[in-house]
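Open the model in your viewer and keep the selection tool at hand. The tour moves from stop to stop, with something to select at each one.

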Amino acid sequence: MTGAEVLSFATLTVTYAAPLIYASLGEVFSERVGIINIGLEGLLLLGCLGAVVVAARTGSPFLGVLAGLAAGLLGAAVFAIFAIGMRRDQVIVGTTLNFLALGLTGVLYRGWTAGGTAALTAPTLPALVGNGATAISALTLLALLLVPLAQWLLFRTRFGVTLRATGEVPAAAAAAGARVNRLRTGVTLATGALCGLGGAALAIGIGNTFTEAMTAGRGFIALAIVVFGRWTPGGALLAALLFAGADVAQARLQAADWITLKIPYPVFLAIPYVLTLLALAIRGAKVKAPAALGQPWQQG
Amino acid sequence: MNRIGPVLRHVPGLLLWIGGGLCVIALIIRLAGASPLAVADALWVGAFGSKYNVADTCIQAVPLLLTGLGVAIAFRSQVFNIGAEGQLLVGAMAATCVGTSALPAPILLPLALISGAVAGAGWSAIAACLRLWRGVPEVLSTLLLNFIAIQLLAFMVRGPLQEARGDYPQSDAIRIGARLALLVPQTRLHGGVILAIVLAVTVWFYLRFTAGGFALRVVGAGAPAAEAAGIRVAPTLWKAFLLSGALSGLAGAVQLCGVIYRLSDGFSPGYGYTAIAVALLAGSAPLGVIISAFFFGAITAGGASIQQRVPGVSSVVVQVLQAVALLALLGWGWARENRFLQRRTTPDSTRAEDV
């Protein structure tokens, strides 16, 4: 590989990692505060639709990003109402959210594009640094900058201590004055906003249009990334880069060598998932989730 | 009367939640620029419009019933197996191997179905190993295994299982002897529907009246309680994973031997995912799964007709229906609990202790 090839590979990896970083950062905070949100996939998808529709209609990718954020926020609000407000099982609510987002985005997109015949083409995010094969958008850069911020917030501030205590022993946190459900609601909404940004990064950062179920399991990979990264923002970043790198490499190998190697393409498409599973199997025994993960809290 | 009275009291509340859900769905369809009534009409015609449509509803219900049962068994023992889709696909692959083989006819069909169940259980066993030996949550592993199974299927129909002619990415059709009998002339309704209902009753009996089923339920109620009762948790969890995977694998085999006959990429339109909704709607009760499977079968059969009859409305509207039905159920459950709490004058003792 030449220097230029390495650079473009790195750029592409970071760009592909951005949606995963947004979603897994949100989930790190969620799980740390005691909420397991399986609905990441749905939240990402809502972000994709919001970003594409508004960017295409207004011609402004910036407004598209804002719309993606808002769409993710709305989806997370539904999650918060049922999982926190009504104390329903978080895995069930998250699974339902995925159904809802998949159906809703499919129905609305097809409805808004005359039966899917007039695909919306959105303007892609402009490059902030570099150009061509090495272009990095502001949204990708923001994802990278959020990681140290999140790490600091979670481990170096009083807020972070309260947040983590809430996910480990909510009763103790409540006794110390934390408003458990308010904190959890706030974090859930923030996760929605982050996933909305992630959806925008996918839909108008990497591509320029919407297709049904276009997230292709990225939300689930983000869940695995959180475990693999041991519930830390830094760990999540590394894991996200690893999986995005595998994804990019997979696409390259498929485009370049698969005929000469005689390896059918499904094998390549399975690589990220197999890798995630192997990674979990290897890390497995050492991982320890927050103690109160998934347990609803009733304000006393 | 004692038991029916309280149930009846909740009916108005349930109707309210269902009504609310319908309003939400209507609003979403309006937002997409279509008429909710036209969608409802197309749904009805697609599900119950003719003998053929009713048969179609039943055909759709069969894989949902079997996978729904699998998910329900897992949920009852607090195993969040959401990998029914992958287990179903692997089951279909195994059944294709057997169904296209040169084995003698009398054992061909039973062997195809059994191999499907075994393959499904094997696929689920991967998640069981990861959970029990490595502490990996099955919510993650089963989901990832779904994606891997989809690619495995794509590989199989382009490689080892591809049709002899080699034109398309699909398998050869399974032999006549491997096909389930058709029940009603001029429809595609097959014997799998009877098998599925019989299995649902069997699972109900197993969970309710046998020691093994009791162990599953106690483990589901909480591992410490099970240990206190002398039930060994790990073997019980293994059983939950394997039974659940076997039922989903069988669903794939039945779908192949009863309806599709040959394997290709689009083999399952997401039966294994809908199965989660089926199990949840039934509260993971095996007999309830029968009803909820037919309900979702009707919606799925109707969904196809929506896309044909109402221009501009995607068949994924079915997913919205599923999600809103589940949300209404969750909300109703919350409302019931809340009313219950309000009636009680003493504070909840366990919670008081926590605080």
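How many residues does the contact take from chain A, and how many from chain B? Color by chain and select the contact: 53 residues come from chain A and 49 residues from chain B. Keep in mind that this is a predicted model.

**Stop 1: the interface**

About 4,500 Å² is buried between chain A and chain B. Carbon and sulfur atoms give 78% of that area.

Now look for charge pairs across the interface of chain A and chain B. One salt bridge turns up there. Select E337(B) and R88(A) to see a salt bridge, with the closest N and O atoms 2.8 Å apart. Next, highlight four helices of chain A: α3 (61-85), α4 (90-112), α9 (218-228) and α12 (265-283). Each supplies at least two residues of the side of chain A that touches chain B. Which helix gives the largest share of that side? Select α4(A), which provides 16 residues. Then color the side of chain A that touches chain B by residue class: 36 residues are nonpolar, 12 are polar and five are charged.

Polar contacts come next. Between chain A and chain B, five residue pairs are in polar contact, both residues being at pLDDT 80 or more.

**Stop 2: two helices of chain A**

Select L25(A). Its place is in helix α1 (residues 3-32) of chain A. Is L25(A) buried or exposed? L25(A) is buried, with a relative accessible area of 4%. Show what surrounds the side chain. Leaving out residues up to four places away in sequence, L25(A) touches L146(A), V147(A), A150(A), L194(A) and P233(A).

Move to N181(A). This residue is found in helix α8 (residues 180-206) of chain A. N181(A) is buried too, at a relative accessible area of 15%. Which residues does N181(A) touch, not counting those up to four places away in sequence? Select I84(A), W297(A) and Q299(A).

**Stop 3: salt bridges within the chains**

Zoom out. Over all chains, the count comes to eight salt bridges. Three stops follow, each within one chain.

Begin with E212(A) and R110(A). They form a salt bridge whose closest N and O atoms are 3.9 Å apart. E212(A) sits in the loop between α8 and α9 of chain A, and R110(A) in helix α4 of chain A. The pair links distant parts of the chain, 102 residues apart. E212(A) is partly exposed, with a relative accessible area of 35%.

Switch to chain B and select D56(B) with R188(B). Here the closest N and O atoms of the salt bridge are 3.3 Å apart. D56(B) lies in helix α4 (residues 51-76) of chain B, while R188(B) lies in the loop between α7 (138-156) and α8 (192-209), so the pair ties together parts that are 132 residues apart in sequence. Check each partner's accessibility. D56(B) is buried at 13%, whereas R188(B) is partly exposed at 37%.

Finish this stop with R262(B) and E163(B). Their salt bridge has its closest N and O atoms 3.9 Å apart. R262(B) is in the loop between α11 (233-260) and α12 (271-281) of chain B. E163(B) is in the loop between α7 and α8 of chain B, 99 residues away. R262(B) counts as partly exposed, at 29% relative accessibility. E163(B) counts as buried, at 6%.

**Stop 4: the cysteines**

How many disulfides does a search of the whole structure find? Over all chains, the search finds zero. Select C195(A), which is in no disulfide. The nearest cysteine sulfur, that of C48(A), is 10 Å away. C195(A) is buried, with a relative accessible area of 0%.

Definitions and conventions:
Residues are numbered from 1 along each chain as its sequence is written. Chains are lettered from A and ligands numbered from 1 in the order in which they are written. This is a predicted model: local features need pLDDT of at least 70, side-chain atom pairs count only at pLDDT 80 or more; totals for chains, interfaces and linings use all residues. Side-chain values use heavy atoms; hydrogens and water are left out. A disulfide is a pair of cysteine sulfur atoms within 2.5 Å. Buried means under 20% relative accessible area, exposed over 50%, partly exposed in between (1.4 Å probe, protein chains only). Contact means heavy atoms within 4.5 Å. Buried area is the accessible area (1.4 Å probe) that two parts lose on being put together, summed over both. A salt bridge is a side-chain nitrogen of Lys or Arg within 4 Å of a carboxyl oxygen of Asp or Glu. A polar contact is a pair of N or O atoms within 3.5 Å; within protein, one must be able to donate a hydrogen and the other to accept it, and residues adjacent in sequence count only if both atoms are side-chain atoms. Ala, Val, Leu, Ile, Met, Phe, Trp, Tyr, Cys and Pro count as nonpolar, Asp, Glu, Lys and Arg as charged, and the others, Gly among them, as polar.
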